[in-house]
Every structure is written in structure tokens, then in C-alpha cells.
Amino acid sequence: MSPISHIAAAHPPSLNDIELDSRSLSPRHMRQITDHLYRRLSLMRGYLLAVHAEPGERVIHDLRVATRRTTEALALLAAAGSIPHRRAGHCVRRLRDLRRAAGRVRDIDVFLQNLQATGRKKADIDVARHRQLIRALRKERREVSQLLNRHWKQAAADAELHRVVDSTRALDLHVDPKMVEEAIRSRLAWHRRRFNRRSRRSYLRPTPHHIHRTRIAGKQWRYLLEFMHAIHAAPEAQLDRVLRRLKAFQKAAGELQDTVSLQSRLHTSAEDIQSLPQVQRRIRAALKAMQALQ
């Protein structure tokens with residue numbers, strides 16, 4: 001039995017439930033909670049109004065994180081009945097398009113870094129081919145950055161997004177703590193089910209694709225847990241433990257995805273990529289990190 005098959009034969013992770021502390025959602029705490037949500041959305045608006053012609057790696061990273069955290073905040077507000085589902089859905093789609101465009105720039109940056117590192121380490125590479133690839137990637141980055149800028153400006157000019165941000169300014173005056181509590185419980189259960197379902201698939205079929213989908217589910221679940229941590233809505237030690245293990249899994253799965261993307265750009269077939277030693281090692285590392293979530 002191969003190492004990957006051995007890991008896949010283990011039981012899929014059974015994650016402990018995060019217990020919601022309803023006392024943290026009492027009316028006297030709601031101002032703190034609604035302030036946090038308003039700051040979250042206001043920060044996203046700040047990112048939208050700071051369009052960069054040539055965004056650097058840090059800007060890209062912060063923008064993508066902000067869109068994911070804001071998406072979770074919007075989902076909570078919609079589930080709690082504070083904003084219409086139609087309006088929340090429109091904003092989520094706008095942020096998703098922006099995040100995907102930013103992700104394309106990020107992927108090119110990672111490939112450029114790997115390609116440049118390869119050029120420094122190996123003396124037997126085809127120098128002409130290596131330089132040609134770097135030039136082509138830099139050109140592609142400029143083109144993708146232009147696409148990102150278009151999405152960025154469209155989001156910044158989206159009146160619906162600005163109305164949602166403004167509507168949360170006085171959220172504490174009309175939000176129902178019980179509805180917020182139910183929304184958090186519902187979102188927790190949804191994220192947990194989806195992560196468990198995808199992790200089971202990763203164990204049954206340990207491919208980069210399934211591990212990547214599990215990583216995305218874990219990342220989105222993590223942003224809800226971080227929100228709960230910020231408003232002290234669950235035991236801190238329990239949250240810290242799950243968040244730490246989720247981050248470890250995401251790091252291992254992210255390194256796997258970057259390796260696969262690099263090999264894909266080098267025109268390696270999917271079957272060849274799956275059998276590469278470095279891909280096999282990263283699959284094992286990602287599955288072991290997933291096991292730690294048991």
C-alpha cells in the first residue's frame with residue numbers, strides 16, 4: 001500500500017463542535033458585535049477606494065482576505081435578516097469576481113518567484129527559454145492587472161455595496177440578538193458539514209483537486225471562527241486550537257496547490273503531475289495536517 005493510500009484509509013476528520021456562548025450575544029453585547037461588523041464592511045470599502053495600477057503581492061493578499069471576511073459578514077447579516085438576501089447576494093458576487101481576478105495576479109506572482117528561484121539554483125537550465133518564460137509572465141501580469149483594475153473600479157462604484165455598508169452603521173438599533181445567534185449557529189453547521197463532506201472526499205480520492213476544495217471550505221469556515229473569536233462568542237481555548245490546526249492544513253494544502261499550478265504552467269500533463277515526487281510529498285503533508293483536525 002502506498003503512503004497516500006495508507007493515509008486515505010484512515011477515518012476522515014471528525015471535528016469537535018464549537019459551542020456558541022449565547023451570553024456573548026445578549027442585548028448589552030450587541031453594540032460590540034454590530035460595531036465589529038460595521039468595521040469589517042468599512043474596511044472593505046477602504047480597500048475598494050484604494051485602487052492600485054500595479055498592485056504588489058501584499059496588496060493582493062490583503063484584498064483577497066478582505067473579500068472573504070466581508071463575504072462571511074454579509075452572509076451572517078443576510079441570515080440574521082438585517083439585509084435582504086438579494087442585496088447580499090449581489091455584493092457577494094461582486095466581491096467574488098474581484099477576488100478571482102486578484103487570485104490570477106497572485107498565481108502569476110508565485111510562478112514568477114518559483115521560476116526565478118529555479119534560474120538561480122540550476123546551472124543546466126535553458127537560459128533562453130527561462131528568460132522567455134519570465135518575459136511572457138510579466139506581460140501576462142500586466143494584462144491580468146488591468147482586468148483586476150476593471151473589477152476593482154466596478155466594485156468601488158457599486159452603489160449597492162455602499163448602501164450595505166451604510167446600513168450597518170446603526171445596525172444595533174434594529175438587529176435582533178436571537179436572530180444573530182441563530183444565524184451564527186446556522187452558518188457554523190453549514191461550514192462544518194461542507195468541510196467534513198469535502199474532507200471525506202479528499203481521503204477517498206487524495207488528489208490535489210479534492211484537497212484544494214477542502215482547503216477553500218476550511219478557509220471560509222475559519223473566517224467565521226475568527227469573527228466568533230473577535231466577539232468572544234465561544235470558548236477562546238477551543239477556538240484557538242481549531243484555528244491553529246485549520247491554518248496548518250491550509251498552509252500545507254496551499255503549498256500543494258502552488259506546486260501543481262507551477263507544473264501545469266510548465267506544460268506537464270495532469271497524470272504526470274499527480275505522480276511527481278514533490279506533489280506526492282505535499283499530498284501526504286496536506287492529509288496529515290487534515291488528520292490533526294480530528
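Trainee: Which side chain of opposite charge is nearest to K219, and how far away is it?
Mentor: In this predicted model, K219 lies in helix α8, where the residue is buried yet has no salt bridge. Leaving out residues up to four places away in sequence, K219 touches R68 and Q250. A salt bridge needs a side-chain nitrogen of Lys or Arg within 4 Å of a carboxyl oxygen of Asp or Glu, and the nearest side chain of opposite charge to K219 is found at 9.2 Å, that of D258.

Trainee: What kinds of element, helices or strands, does the chain contain, and how many of each?
Mentor: Read from the N terminus on, the elements of the chain run α-α-α-α-α-α-α-α-α-α-α. The count for the chain is therefore zero strands and, for the helices, eleven.

Trainee: What percentage of the residues in the chain is buried?
Mentor: The accessible surface of the chain comes to about 15,300 Å², and 50% of that surface belongs to carbon and sulfur atoms. A residue counts as buried when its relative accessible area is under 20%. Of the 294 residues in the chain, the buried share is 47%.

Trainee: Which residues is L225 in contact with, once its neighbours within four places in sequence are left aside?
Mentor: Contact here asks for heavy atoms within 4.5 Å. With the neighbours within four places set aside, the residues in contact with L225 are I18, L188, L239, V242, L243 and L246.

Trainee: How far does helix α8 reach from its first C-alpha to its last?
Mentor: Helix α8 covers residues 208–230, which makes 23 residues, and after the helix comes H232, whose phi is positive, near 55 degrees. At 1.5 Å a residue the expected reach of α8 is 33 Å, and the model comes close to that with a reach of 32 Å.

Trainee: Which residue meets E226 in a salt bridge?
Mentor: A search of the whole structure finds 15 salt bridges, and in one of them the side chain of E226 meets its partner at 3.3 Å, N to O. E226 lies in helix α8 and the partner in helix α3 (residues 57–79), so the pair ties together parts that are 157 residues apart in sequence.

Trainee: How far apart are the closest N and O atoms of D97 and R96?
Mentor: D97 counts as partly exposed, at 31% relative accessibility, and R96 is partly exposed as well, with a relative accessible area of 30%. The two form a salt bridge, in which the closest N and O atoms are separated by 3.9 Å.

Trainee: Is T70 buried or exposed?
Mentor: T70 lies in helix α3, and, not counting residues up to four places away in sequence, T70 touches R40, L41, M44 and L95. The cut-off for a buried residue is under 20% relative accessible area, and with a value of 2%, T70 is buried.

Trainee: What distance separates the C-alpha atoms of W190 and W221?
Mentor: W190 lies in helix α7 (residues 177–204) and counts as partly exposed, at 36% relative accessibility. W190 and W221 are 31 residues apart along the chain, and their C-alpha atoms are separated by 8.9 Å.

Conventions:
Residues are numbered from 1 along each chain as its sequence is written. This is a predicted model: local features need pLDDT of at least 70, side-chain atom pairs count only at pLDDT 80 or more; totals for chains, interfaces and linings use all residues. Side-chain values use heavy atoms; hydrogens and water are left out. Helices (H or I, at least four residues) and strands (E, at least two) are DSSP runs, numbered from the N terminus. The expected span of a helix is 1.5 Å times one less than its number of residues. Buried means under 20% relative accessible area, exposed over 50%, partly exposed in between (1.4 Å probe, protein chains only). Lys and Arg count as positive and Asp and Glu as negative; His and the chain ends are not counted. Accessible areas come from the Shrake-Rupley method with a 1.4 Å probe; for residues, only the protein chains shown count as cover.
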